[in-house]
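Welcome! Here is a short briefing to read alongside the sequence and the structure. Please keep both in view as you go.

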Amino acid sequence: MSLALPAPDMARAITRISHEILERNSGSESITLLGIPTRGAHLASRIATSMREIAGQEIQCGTLDITLHRDDLRLRPPRALMPTNIPPLGVEGRDVVLVDDVLFSGRTIRAALDALGEIGRPRTVQLAVLVDRGHRQLPIRADYVGKNLPTSPSQVIKVHMTELDGVDEVTLEEGEM
Amino acid sequence: MRHLLSIADLSKIEALSILNTAETLSRVSDGPMKKLPTLRGRTIVNLFAEDSTRTRISFEAAAKRLSADVINFSAKGSSVSKGESLKDTAQTLQAMGADAVIIRHSASGAAQTLADNQWMSGSVINAGDGTHEHPSQALLDAFTIRKHLGHDGDDLTGIRVAIIGDILHSRVARSNVLLLTMLGAHVTLVAPPTLLPVGVESWPVTISYDFDQVIESVDAVMMLRIQLERMSEMFFPNAREYSRYFGLNKDRLAKMKANAIVLHPGPMNRGLEITADSADSARSVILEQVTNGVSVRMAILYLLLAGSQELEFSL
(Lines give C-alpha, C1' and ligand atoms only; values in the text may rest on other atoms or scores of the structure.)
Protein backbone atom coordinates (compact mmCIF):
# COMPACT_ATOMS: atom_id res chain seq x y z
CA MET A 1 0.00 0.00 0.00
CA SER A 2 1.33 3.43 -0.85
CA LEU A 3 0.19 6.90 0.11
CA ALA A 4 -0.93 8.67 -3.05
CA LEU A 5 -2.17 11.89 -1.50
CA PRO A 6 -1.34 12.86 2.10
CA ALA A 7 -3.55 15.22 4.13
CA PRO A 8 -1.81 18.54 3.27
CA ASP A 9 -1.89 17.76 -0.46
CA MET A 10 -5.54 16.82 -0.20
CA ALA A 11 -6.35 20.14 1.50
CA ARG A 12 -4.40 22.03 -1.18
CA ALA A 13 -6.23 20.14 -3.95
CA ILE A 14 -9.60 21.08 -2.43
CA THR A 15 -8.61 24.74 -2.18
CA ARG A 16 -7.33 24.76 -5.75
CA ILE A 17 -10.53 23.16 -7.08
CA SER A 18 -12.55 25.80 -5.20
CA HIS A 19 -10.55 28.62 -6.85
CA GLU A 20 -10.89 27.02 -10.27
CA ILE A 21 -14.66 26.62 -9.94
CA LEU A 22 -15.03 30.30 -8.97
CA GLU A 23 -12.74 31.43 -11.77
CA ARG A 24 -14.38 29.34 -14.48
CA ASN A 25 -17.87 30.51 -13.53
CA SER A 26 -16.84 34.10 -12.80
CA GLY A 27 -18.31 34.13 -9.28
CA SER A 28 -20.47 31.94 -7.13
CA GLU A 29 -24.05 33.18 -7.63
CA SER A 30 -25.05 30.65 -10.27
CA ILE A 31 -23.22 27.64 -8.80
CA THR A 32 -24.86 24.62 -7.17
CA LEU A 33 -22.56 21.92 -5.83
CA LEU A 34 -23.98 18.40 -5.73
CA GLY A 35 -21.92 15.72 -4.01
CA ILE A 36 -22.43 12.04 -4.82
CA PRO A 37 -22.68 10.06 -1.53
CA THR A 38 -20.87 8.99 0.45
CA ARG A 39 -17.45 10.61 0.04
CA GLY A 40 -18.42 12.92 -2.80
CA ALA A 41 -20.98 14.50 -0.49
CA HIS A 42 -18.37 15.25 2.17
CA LEU A 43 -16.00 16.52 -0.47
CA ALA A 44 -18.70 18.84 -1.85
CA SER A 45 -19.35 20.36 1.56
CA ARG A 46 -15.60 20.95 2.05
CA ILE A 47 -15.35 22.64 -1.34
CA ALA A 48 -18.41 24.72 -0.44
CA THR A 49 -16.76 25.81 2.83
CA SER A 50 -13.61 26.73 1.00
CA MET A 51 -15.53 28.64 -1.71
CA ARG A 52 -17.46 30.51 0.99
CA GLU A 53 -14.17 31.69 2.49
CA ILE A 54 -12.76 32.75 -0.85
CA ALA A 55 -15.87 34.42 -2.29
CA GLY A 56 -17.40 35.56 0.99
CA GLN A 57 -20.81 34.38 -0.16
CA GLU A 58 -23.23 31.53 0.61
CA ILE A 59 -22.75 28.54 -1.69
CA GLN A 60 -25.61 26.24 -2.72
CA CYS A 61 -24.51 22.73 -1.80
CA GLY A 62 -26.44 19.44 -1.69
CA THR A 63 -26.24 15.72 -2.36
CA LEU A 64 -27.43 13.51 -5.23
CA ASP A 65 -27.83 9.77 -4.71
CA ILE A 66 -27.55 7.97 -8.01
CA THR A 67 -28.06 4.36 -6.88
CA LEU A 68 -31.49 4.05 -8.49
CA HIS A 69 -30.06 5.20 -11.83
CA ARG A 70 -27.07 2.84 -11.97
CA ASP A 71 -26.70 0.53 -14.96
CA ASP A 72 -24.86 -2.14 -12.96
CA LEU A 73 -27.58 -2.77 -10.35
CA ARG A 74 -28.16 -6.29 -11.58
CA LEU A 75 -24.50 -7.21 -11.29
CA ARG A 76 -24.26 -6.59 -7.55
CA PRO A 77 -26.26 -7.24 -4.41
CA PRO A 78 -28.85 -4.52 -3.70
CA ARG A 79 -27.22 -1.35 -2.42
CA ALA A 80 -28.40 0.72 0.49
CA LEU A 81 -29.89 4.01 -0.65
CA MET A 82 -28.45 7.36 0.43
CA PRO A 83 -30.27 10.67 0.81
CA THR A 84 -30.70 13.19 -2.01
CA ASN A 85 -30.83 16.83 -0.87
CA ILE A 86 -31.32 19.43 -3.54
CA PRO A 87 -30.52 22.92 -2.16
CA PRO A 88 -33.33 25.53 -2.11
CA LEU A 89 -32.56 27.20 -5.47
CA GLY A 90 -32.84 23.83 -7.26
CA VAL A 91 -30.92 23.01 -10.46
CA GLU A 92 -33.06 24.73 -13.10
CA GLY A 93 -30.87 27.16 -15.05
CA ARG A 94 -27.96 26.79 -12.58
CA ASP A 95 -24.34 25.86 -13.14
CA VAL A 96 -24.28 22.48 -11.42
CA VAL A 97 -20.94 21.07 -10.31
CA LEU A 98 -21.08 17.33 -9.59
CA VAL A 99 -18.53 16.28 -6.99
CA ASP A 100 -17.17 12.75 -6.53
CA ASP A 101 -14.11 11.26 -4.91
CA VAL A 102 -12.71 9.03 -7.66
CA LEU A 103 -13.35 9.14 -11.41
CA PHE A 104 -12.86 5.67 -12.89
CA SER A 105 -15.16 4.06 -15.48
CA GLY A 106 -17.41 7.14 -15.72
CA ARG A 107 -20.56 5.09 -15.09
CA THR A 108 -21.38 6.80 -11.81
CA ILE A 109 -21.28 10.16 -13.58
CA ARG A 110 -23.47 8.89 -16.40
CA ALA A 111 -26.01 7.79 -13.77
CA ALA A 112 -25.68 11.18 -12.08
CA LEU A 113 -26.44 12.96 -15.37
CA ASP A 114 -29.57 10.82 -15.70
CA ALA A 115 -30.62 11.55 -12.13
CA LEU A 116 -30.01 15.26 -12.67
CA GLY A 117 -32.09 15.23 -15.85
CA GLU A 118 -35.06 13.96 -13.83
CA ILE A 119 -34.82 16.92 -11.47
CA GLY A 120 -34.46 19.76 -13.94
CA ARG A 121 -32.43 21.39 -16.66
CA PRO A 122 -29.23 23.01 -15.41
CA ARG A 123 -27.56 25.64 -17.60
CA THR A 124 -24.28 23.71 -17.45
CA VAL A 125 -23.10 20.57 -15.69
CA GLN A 126 -19.47 20.38 -14.62
CA LEU A 127 -17.53 17.68 -12.82
CA ALA A 128 -15.04 17.95 -9.96
CA VAL A 129 -13.16 14.89 -8.65
CA LEU A 130 -10.44 14.45 -6.09
CA VAL A 131 -8.70 11.69 -8.03
CA ASP A 132 -8.83 10.79 -11.72
CA ARG A 133 -7.44 7.29 -12.09
CA GLY A 134 -8.13 6.77 -15.80
CA HIS A 135 -9.66 3.67 -17.47
CA ARG A 136 -12.80 5.40 -18.68
CA GLN A 137 -15.49 3.22 -20.26
CA LEU A 138 -17.63 6.17 -21.37
CA PRO A 139 -16.89 9.51 -23.06
CA ILE A 140 -16.81 11.47 -19.81
CA ARG A 141 -14.12 13.79 -18.45
CA ALA A 142 -13.66 15.92 -15.36
CA ASP A 143 -13.45 19.74 -15.39
CA TYR A 144 -11.62 19.98 -12.08
CA VAL A 145 -9.19 17.28 -10.94
CA GLY A 146 -7.41 17.19 -7.57
CA LYS A 147 -4.82 14.72 -8.78
CA ASN A 148 -4.31 12.59 -11.86
CA LEU A 149 -3.21 9.18 -10.67
CA PRO A 150 -2.10 6.67 -13.31
CA THR A 151 -3.19 3.22 -12.15
CA SER A 152 -3.61 -0.28 -13.45
CA PRO A 153 -7.21 -1.52 -13.46
CA SER A 154 -6.50 -4.07 -10.74
CA GLN A 155 -5.24 -1.50 -8.24
CA VAL A 156 -7.58 -0.18 -5.59
CA ILE A 157 -7.80 3.51 -4.71
CA LYS A 158 -9.16 4.33 -1.27
CA VAL A 159 -10.13 7.83 -0.28
CA HIS A 160 -10.21 8.36 3.48
CA MET A 161 -11.89 11.42 4.96
CA THR A 162 -11.85 12.59 8.56
CA GLU A 163 -15.66 12.74 8.68
CA LEU A 164 -15.86 8.99 8.07
CA ASP A 165 -12.46 7.42 8.57
CA GLY A 166 -10.76 9.69 11.09
CA VAL A 167 -7.99 10.64 8.67
CA ASP A 168 -7.52 12.54 5.40
CA GLU A 169 -5.57 10.60 2.79
CA VAL A 170 -5.73 8.73 -0.49
CA THR A 171 -4.05 5.34 -0.69
CA LEU A 172 -3.19 3.07 -3.57
CA GLU A 173 -3.30 -0.69 -2.99
CA GLU A 174 -2.34 -3.58 -5.21
CA GLY A 175 -5.48 -5.58 -5.95
CA GLU A 176 -5.55 -9.36 -6.20
CA MET A 177 -5.04 -10.53 -9.75
CA MET B 1 -33.51 -12.41 0.44
CA ARG B 2 -35.25 -13.68 -2.66
CA HIS B 3 -38.89 -13.93 -1.61
CA LEU B 4 -41.01 -12.08 0.91
CA LEU B 5 -43.34 -14.75 2.28
CA SER B 6 -43.72 -13.94 5.95
CA ILE B 7 -42.34 -11.70 8.65
CA ALA B 8 -41.19 -14.86 10.42
CA ASP B 9 -38.53 -15.31 7.70
CA LEU B 10 -37.07 -11.82 8.17
CA SER B 11 -34.19 -10.92 10.43
CA LYS B 12 -34.30 -7.66 12.35
CA ILE B 13 -31.56 -6.25 10.12
CA GLU B 14 -33.52 -7.12 6.99
CA ALA B 15 -36.70 -5.57 8.40
CA LEU B 16 -34.89 -2.37 9.35
CA SER B 17 -33.17 -2.19 5.97
CA ILE B 18 -36.59 -2.37 4.27
CA LEU B 19 -37.88 0.44 6.53
CA ASN B 20 -34.78 2.60 5.96
CA THR B 21 -34.88 2.07 2.21
CA ALA B 22 -38.57 3.01 2.25
CA GLU B 23 -37.68 6.16 4.19
CA THR B 24 -35.24 7.26 1.47
CA LEU B 25 -37.65 6.30 -1.29
CA SER B 26 -40.49 8.25 0.32
CA ARG B 27 -38.32 11.36 0.20
CA VAL B 28 -37.62 10.64 -3.46
CA SER B 29 -41.34 10.37 -4.24
CA ASP B 30 -42.01 13.63 -2.38
CA GLY B 31 -39.28 15.33 -4.38
CA PRO B 32 -38.90 16.08 -8.06
CA MET B 33 -37.99 12.54 -9.19
CA LYS B 34 -41.37 10.83 -9.38
CA LYS B 35 -40.36 8.03 -11.69
CA LEU B 36 -37.17 6.02 -11.40
CA PRO B 37 -35.60 3.78 -14.06
CA THR B 38 -34.44 1.17 -11.55
CA LEU B 39 -36.60 -1.81 -12.60
CA ARG B 40 -36.88 -1.00 -16.29
CA GLY B 41 -37.44 -4.18 -18.29
CA ARG B 42 -38.60 -6.25 -15.32
CA THR B 43 -42.05 -7.81 -15.40
CA ILE B 44 -44.11 -8.04 -12.23
CA VAL B 45 -47.37 -9.97 -12.07
CA ASN B 46 -50.09 -9.06 -9.62
CA LEU B 47 -51.82 -12.41 -9.03
CA PHE B 48 -54.86 -11.62 -6.94
CA ALA B 49 -57.10 -14.59 -6.25
CA GLU B 50 -58.98 -12.65 -3.60
CA ASP B 51 -60.53 -9.18 -3.61
CA SER B 52 -58.27 -6.26 -2.81
CA THR B 53 -58.20 -2.56 -3.56
CA ARG B 54 -55.36 -0.88 -1.79
CA THR B 55 -52.80 -3.67 -1.68
CA ARG B 56 -53.07 -4.36 -5.40
CA ILE B 57 -53.10 -0.70 -6.40
CA SER B 58 -50.29 0.04 -3.97
CA PHE B 59 -48.03 -2.67 -5.39
CA GLU B 60 -48.94 -1.55 -8.90
CA ALA B 61 -48.08 2.08 -8.12
CA ALA B 62 -44.81 1.03 -6.47
CA ALA B 63 -43.79 -1.12 -9.43
CA LYS B 64 -44.69 1.59 -11.93
CA ARG B 65 -42.72 4.27 -10.08
CA LEU B 66 -39.70 1.99 -10.45
CA SER B 67 -40.48 1.57 -14.19
CA ALA B 68 -41.32 -2.14 -14.03
CA ASP B 69 -43.96 -3.56 -16.36
CA VAL B 70 -47.01 -4.66 -14.40
CA ILE B 71 -49.47 -7.33 -15.43
CA ASN B 72 -52.64 -7.50 -13.36
CA PHE B 73 -54.26 -10.84 -13.00
CA SER B 74 -57.34 -11.34 -10.90
CA ALA B 75 -59.08 -14.65 -10.37
CA LYS B 76 -62.42 -13.30 -11.48
CA GLY B 77 -62.51 -13.27 -15.24
CA SER B 78 -59.46 -15.54 -15.61
CA SER B 79 -58.99 -19.27 -16.02
CA VAL B 80 -58.72 -19.65 -12.25
CA SER B 81 -62.50 -19.33 -12.12
CA LYS B 82 -62.63 -22.23 -14.61
CA GLY B 83 -60.72 -24.34 -12.07
CA GLU B 84 -57.10 -23.89 -13.20
CA SER B 85 -54.69 -24.95 -10.47
CA LEU B 86 -52.11 -22.69 -8.87
CA LYS B 87 -49.40 -24.81 -10.46
CA ASP B 88 -50.69 -24.32 -13.99
CA THR B 89 -51.18 -20.61 -13.38
CA ALA B 90 -47.63 -20.29 -12.05
CA GLN B 91 -46.15 -22.18 -14.99
CA THR B 92 -48.05 -19.99 -17.40
CA LEU B 93 -46.63 -16.89 -15.72
CA GLN B 94 -43.14 -18.40 -15.84
CA ALA B 95 -43.54 -19.06 -19.55
CA MET B 96 -44.42 -15.39 -20.01
CA GLY B 97 -41.21 -14.38 -18.25
CA ALA B 98 -42.41 -12.90 -14.97
CA ASP B 99 -39.55 -11.69 -12.75
CA ALA B 100 -41.79 -11.51 -9.69
CA VAL B 101 -45.25 -12.59 -8.66
CA ILE B 102 -47.21 -10.73 -6.02
CA ILE B 103 -49.81 -13.16 -4.75
CA ARG B 104 -52.96 -12.68 -2.71
CA HIS B 105 -54.81 -15.93 -2.02
CA SER B 106 -57.54 -17.14 0.31
CA ALA B 107 -55.53 -20.25 1.25
CA SER B 108 -52.94 -19.88 4.01
CA GLY B 109 -49.55 -20.90 2.67
CA ALA B 110 -50.30 -20.22 -1.00
CA ALA B 111 -47.26 -17.94 -1.37
CA GLN B 112 -45.04 -20.49 0.35
CA THR B 113 -46.29 -23.23 -1.99
CA LEU B 114 -45.50 -21.05 -4.99
CA ALA B 115 -41.99 -20.34 -3.72
CA ASP B 116 -41.12 -23.88 -2.57
CA ASN B 117 -42.04 -25.67 -5.75
CA GLN B 118 -39.85 -24.95 -8.73
CA TRP B 119 -42.79 -23.90 -10.90
CA MET B 120 -41.29 -20.53 -11.58
CA SER B 121 -37.91 -18.87 -11.16
CA GLY B 122 -38.95 -15.37 -10.11
CA SER B 123 -39.41 -13.83 -6.69
CA VAL B 124 -42.63 -14.44 -4.78
CA ILE B 125 -44.13 -11.69 -2.65
CA ASN B 126 -46.92 -12.56 -0.26
CA ALA B 127 -49.70 -9.95 -0.41
CA GLY B 128 -51.90 -11.82 2.06
CA ASP B 129 -52.54 -15.56 2.31
CA GLY B 130 -55.70 -16.70 4.08
CA THR B 131 -55.45 -16.06 7.81
CA HIS B 132 -51.67 -16.54 7.86
CA GLU B 133 -49.65 -13.41 7.06
CA HIS B 134 -49.63 -10.07 5.25
CA PRO B 135 -46.01 -8.96 5.56
CA SER B 136 -46.06 -5.79 3.45
CA GLN B 137 -48.97 -4.44 5.53
CA ALA B 138 -47.07 -5.03 8.78
CA LEU B 139 -44.00 -3.31 7.32
CA LEU B 140 -46.01 -0.24 6.32
CA ASP B 141 -47.68 -0.17 9.74
CA ALA B 142 -44.29 -0.33 11.47
CA PHE B 143 -43.02 2.37 9.10
CA THR B 144 -45.96 4.64 9.95
CA ILE B 145 -45.61 4.06 13.69
CA ARG B 146 -41.88 4.76 13.53
CA LYS B 147 -42.40 7.92 11.53
CA HIS B 148 -44.76 9.32 14.17
CA LEU B 149 -43.35 7.97 17.39
CA GLY B 150 -39.82 6.74 16.79
CA HIS B 151 -36.59 7.96 15.26
CA ASP B 152 -35.21 7.52 11.77
CA GLY B 153 -33.15 4.40 11.47
CA ASP B 154 -34.17 3.13 14.90
CA ASP B 155 -36.31 0.23 15.98
CA LEU B 156 -39.51 0.59 18.03
CA THR B 157 -38.13 -0.09 21.51
CA GLY B 158 -40.43 1.14 24.26
CA ILE B 159 -43.42 1.89 22.01
CA ARG B 160 -46.73 0.37 23.12
CA VAL B 161 -49.17 -0.77 20.45
CA ALA B 162 -52.68 -2.17 20.95
CA ILE B 163 -54.29 -4.28 18.23
CA ILE B 164 -58.04 -4.44 18.61
CA GLY B 165 -60.62 -6.68 17.00
CA ASP B 166 -60.77 -9.89 15.04
CA ILE B 167 -57.37 -11.37 15.82
CA LEU B 168 -58.63 -14.86 14.96
CA HIS B 169 -59.02 -14.24 11.24
CA SER B 170 -56.49 -11.47 10.86
CA ARG B 171 -53.29 -12.03 8.88
CA VAL B 172 -52.53 -8.35 9.48
CA ALA B 173 -52.48 -8.99 13.24
CA ARG B 174 -50.23 -12.05 12.90
CA SER B 175 -47.66 -10.24 10.78
CA ASN B 176 -47.80 -7.16 13.00
CA VAL B 177 -47.32 -9.11 16.24
CA LEU B 178 -44.21 -10.75 14.77
CA LEU B 179 -42.75 -7.57 13.31
CA LEU B 180 -43.57 -5.08 16.07
CA THR B 181 -42.27 -7.35 18.83
CA MET B 182 -39.13 -8.12 16.79
CA LEU B 183 -38.54 -4.36 16.54
CA GLY B 184 -38.88 -4.01 20.31
CA ALA B 185 -42.43 -2.70 20.67
CA HIS B 186 -44.82 -4.01 23.31
CA VAL B 187 -48.04 -5.35 21.80
CA THR B 188 -51.38 -5.78 23.56
CA LEU B 189 -54.17 -7.67 21.84
CA VAL B 190 -57.71 -6.63 22.72
CA ALA B 191 -60.60 -8.81 21.55
CA PRO B 192 -63.56 -10.81 22.75
CA PRO B 193 -62.37 -14.35 23.70
CA THR B 194 -64.23 -15.80 20.72
CA LEU B 195 -62.06 -13.79 18.31
CA LEU B 196 -58.70 -14.86 19.72
CA PRO B 197 -56.97 -17.85 18.11
CA VAL B 198 -56.15 -21.06 19.96
CA GLY B 199 -52.61 -20.91 21.31
CA VAL B 200 -52.52 -17.11 21.58
CA GLU B 201 -51.10 -17.51 25.12
CA SER B 202 -47.79 -18.54 23.56
CA TRP B 203 -47.51 -15.30 21.50
CA PRO B 204 -45.13 -12.64 22.86
CA VAL B 205 -48.02 -10.29 23.68
CA THR B 206 -50.30 -9.17 26.49
CA ILE B 207 -53.97 -10.08 26.12
CA SER B 208 -56.82 -7.98 27.41
CA TYR B 209 -60.59 -8.00 27.14
CA ASP B 210 -60.98 -4.44 28.38
CA PHE B 211 -60.36 -1.81 25.71
CA ASP B 212 -61.03 1.14 28.05
CA GLN B 213 -58.27 0.06 30.38
CA VAL B 214 -55.72 -0.47 27.62
CA ILE B 215 -56.37 2.66 25.57
CA GLU B 216 -55.01 5.10 28.15
CA SER B 217 -51.53 3.63 28.15
CA VAL B 218 -50.74 2.90 24.49
CA ASP B 219 -48.95 5.01 21.85
CA ALA B 220 -50.71 3.50 18.86
CA VAL B 221 -54.09 1.85 18.42
CA MET B 222 -54.55 -0.47 15.47
CA MET B 223 -58.18 -1.19 14.71
CA LEU B 224 -58.85 -4.36 12.72
CA ARG B 225 -61.71 -4.77 10.32
CA ILE B 226 -64.56 -7.03 11.39
CA GLN B 227 -64.46 -9.36 8.41
CA LEU B 228 -68.15 -9.74 7.73
CA GLU B 229 -67.43 -12.36 5.07
CA ARG B 230 -65.86 -14.60 7.73
CA MET B 231 -68.52 -14.00 10.40
CA SER B 232 -70.69 -17.02 9.61
CA GLU B 233 -70.52 -18.27 13.19
CA MET B 234 -71.75 -16.21 16.11
CA PHE B 235 -68.54 -14.67 17.44
CA PHE B 236 -70.37 -11.86 19.21
CA PRO B 237 -74.06 -11.27 19.96
CA ASN B 238 -74.56 -8.32 17.62
CA ALA B 239 -72.78 -5.44 15.96
CA ARG B 240 -73.97 -2.85 18.46
CA GLU B 241 -72.60 -4.78 21.39
CA TYR B 242 -69.27 -5.25 19.61
CA SER B 243 -69.04 -1.52 18.91
CA ARG B 244 -69.84 -0.67 22.51
CA TYR B 245 -67.05 -2.84 23.93
CA PHE B 246 -64.42 -2.95 21.21
CA GLY B 247 -65.17 -0.07 18.84
CA LEU B 248 -63.19 3.17 18.71
CA ASN B 249 -65.39 6.19 19.39
CA LYS B 250 -65.12 9.79 20.49
CA ASP B 251 -65.04 8.97 24.23
CA ARG B 252 -62.23 6.45 23.86
CA LEU B 253 -60.35 8.78 21.51
CA ALA B 254 -60.38 11.43 24.24
CA LYS B 255 -58.71 9.05 26.70
CA MET B 256 -55.69 8.42 24.50
CA LYS B 257 -52.20 9.75 25.27
CA ALA B 258 -51.30 13.14 23.80
CA ASN B 259 -49.31 11.92 20.77
CA ALA B 260 -51.03 8.58 20.32
CA ILE B 261 -52.14 7.63 16.81
CA VAL B 262 -54.91 5.52 15.27
CA LEU B 263 -54.20 3.01 12.50
CA HIS B 264 -56.53 0.85 10.43
CA PRO B 265 -55.40 -1.44 7.60
CA GLY B 266 -58.63 -0.78 5.67
CA PRO B 267 -61.18 -1.22 4.35
CA MET B 268 -63.07 0.27 7.29
CA ASN B 269 -66.53 -0.60 8.45
CA ARG B 270 -67.43 2.89 9.62
CA GLY B 271 -69.80 2.63 12.57
CA LEU B 272 -68.76 -0.90 13.49
CA GLU B 273 -65.13 -1.10 14.67
CA ILE B 274 -64.50 2.62 14.24
CA THR B 275 -66.85 5.61 14.25
CA ALA B 276 -66.68 8.08 11.38
CA ASP B 277 -65.42 10.93 13.58
CA SER B 278 -62.60 8.74 14.95
CA ALA B 279 -61.58 7.67 11.47
CA ASP B 280 -61.41 11.29 10.35
CA SER B 281 -59.87 12.71 13.53
CA ALA B 282 -56.47 14.37 13.78
CA ARG B 283 -55.08 11.24 15.46
CA SER B 284 -55.96 9.08 12.49
CA VAL B 285 -53.03 8.19 10.20
CA ILE B 286 -55.11 5.88 8.05
CA LEU B 287 -54.59 7.76 4.78
CA GLU B 288 -50.93 8.21 5.56
CA GLN B 289 -50.69 4.42 5.87
CA VAL B 290 -51.83 4.21 2.24
CA THR B 291 -49.17 6.72 1.13
CA ASN B 292 -46.48 4.96 3.13
CA GLY B 293 -47.61 1.64 1.67
CA VAL B 294 -46.35 2.68 -1.75
CA SER B 295 -42.89 3.63 -0.40
CA VAL B 296 -42.59 0.41 1.61
CA ARG B 297 -43.59 -1.69 -1.39
CA MET B 298 -41.10 0.19 -3.58
CA ALA B 299 -38.45 -0.72 -1.02
CA ILE B 300 -39.50 -4.39 -1.08
CA LEU B 301 -39.41 -4.51 -4.89
CA TYR B 302 -36.08 -2.68 -4.99
CA LEU B 303 -34.41 -4.99 -2.47
CA LEU B 304 -35.82 -8.17 -4.03
CA LEU B 305 -35.47 -7.32 -7.71
CA ALA B 306 -32.89 -4.62 -8.38
CA GLY B 307 -29.76 -6.50 -7.42
CA SER B 308 -28.28 -9.78 -8.44
CA GLN B 309 -30.12 -12.63 -6.75
CA GLU B 310 -27.03 -14.73 -6.19
CA LEU B 311 -25.58 -12.20 -3.78
CA GLU B 312 -26.92 -11.49 -0.35
CA PHE B 313 -27.89 -8.04 0.82
CA SER B 314 -26.22 -6.67 3.93
CA LEU B 315 -26.42 -3.32 5.67
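Where in chain B is the place of Pro267(B)? Pro267(B) sits in the loop between E9 and helix H10 (276-279) of chain B. A cis peptide bond, with omega about -10°, links Gly266(B) to this proline. Keep in mind throughout that this is a predicted model. The model has an ipTM of 0.79 and a pTM of 0.89.

- Chain A contains four helices and eight strands.
- Read from the N terminus, the order of its elements is β-α-β-α-β-β-α-β-β-β-α-β.
- The radius of gyration of chain A is 16 Å, which agrees with the value near 16 Å for a compact globule of 177 residues.
- Along the principal axes, the C-alpha atoms of chain A occupy a box of roughly 45 × 40 × 30 Å.
- Of the 177 residues in chain A, 39% are buried.
- Among contacts in chain A with a separation of 6 or more, 68% join residues 24 or more positions apart.

**Meet chain B**

- Chain B has eleven helices and nine strands.
- Its radius of gyration is 19 Å, in agreement with the value near 20 Å that a compact globule of 315 residues would have.
- Buried residues account for 50% of the 315 residues of chain B.
- For chain B, 79% of the contacts with a separation of 6 or more are between residues 24 or more positions apart.
- The average pLDDT of chain B is 91, and 96% of its residues score at least 70.

**Where the two chains touch**

- The contact between the chains involves 16 residues of chain A and 21 residues of chain B.
- On the chain A side, the touching residues comprise ten nonpolar, three polar and three charged.

**Two domains in chain B**

- Chain B splits into domain 1 (7-133 + 293-306) and domain 2 (135-289).
- The C-alpha centres of domain 1 and domain 2 of chain B are 25 Å apart.
- Where these domains meet, domain 1 of chain B supplies 24 residues and domain 2 of chain B supplies 22 residues.
- On the domain 1 side, the elements giving two or more residues are helix H1 (12-30), strand E4 (123-129) and helix H11 (286-306) of chain B.
- H1(B) gives the largest share of that side, with eight residues.
- The side of domain 1 of chain B that touches domain 2 has ten nonpolar, eight polar and six charged residues.

**A covered strand in chain B**

- Strand E8 (residues 220-223) of chain B is covered on both faces. Ala220(B) and Met222(B) are buried on one side, and Val221(B) and Met223(B) are buried on the other.
- E8(B) pairs with strand E5 (residues 160-164) of chain B in the parallel sense, over four bridges. Within this pair, Ala220(B) is the bridge partner of Val161(B).
- E8(B) also pairs in the parallel sense with strand E9 (residues 261-263) of chain B, over three bridges. Here Ala220(B) has Ile261(B) as its bridge partner.

**A buried glycine**

- Gly150(B) belongs to the loop between helix H5 (135-149) and E5 of chain B.
- Why does Gly150(B) count as buried? Gly150(B) is buried because 21 other C-beta atoms lie within 10 Å, and the cut-off is 20 or more.
- Beyond its neighbours within four places in sequence, Gly150(B) contacts Ile145(B), Leu156(B) and Ile159(B).

**Backbone details to look for**

- Most residues other than glycine have a negative phi, and most peptide bonds are trans.
- The peptide bond from Pro37(A) to Thr38(A) is cis, with omega near 5°. Thr38(A) is in the loop between strand E2 (31-35) and helix H2 (39-55) of chain A.
- His135(A), which is not a glycine, has a positive phi near 65°. His135(A) lies in the loop between strand E5 (124-132) and strand E6 (144-148) of chain A, and counts as partly exposed because it has 14 C-beta neighbours inside 10 Å.
- Ser67(B) is another residue other than glycine with a positive phi, about 65°. Ser67(B) is found in the loop between helix H2 (54-65) and strand E2 (69-74) of chain B. With 15 other C-beta atoms within 10 Å, Ser67(B) is partly exposed.

Notes. Residues are numbered from 1 along each chain as its sequence is written. Chains are lettered from A and ligands numbered from 1 in the order in which they are written. This is a predicted model: local features need pLDDT of at least 70, side-chain atom pairs count only at pLDDT 80 or more; totals for chains, interfaces and linings use all residues. Two residues are in contact if their C-beta atoms, placed from the backbone, lie within 7 Å. Ala, Val, Leu, Ile, Met, Phe, Trp, Tyr, Cys and Pro count as nonpolar, Asp, Glu, Lys and Arg as charged, and the others, Gly among them, as polar. Domain bounds come from an automatic or database domain assignment. A residue is buried if 20 or more other C-beta atoms lie within 10 Å of its own, exposed if 12 or fewer, and partly exposed in between; C-beta atoms are placed from the backbone. Two strands pair if DSSP finds at least two bridges between them. The radius of gyration is taken over C-alpha atoms; the globule rule is 2.2 Å times the number of residues to the power 0.38. pLDDT is the predictor's confidence in each residue, from 0 to 100.
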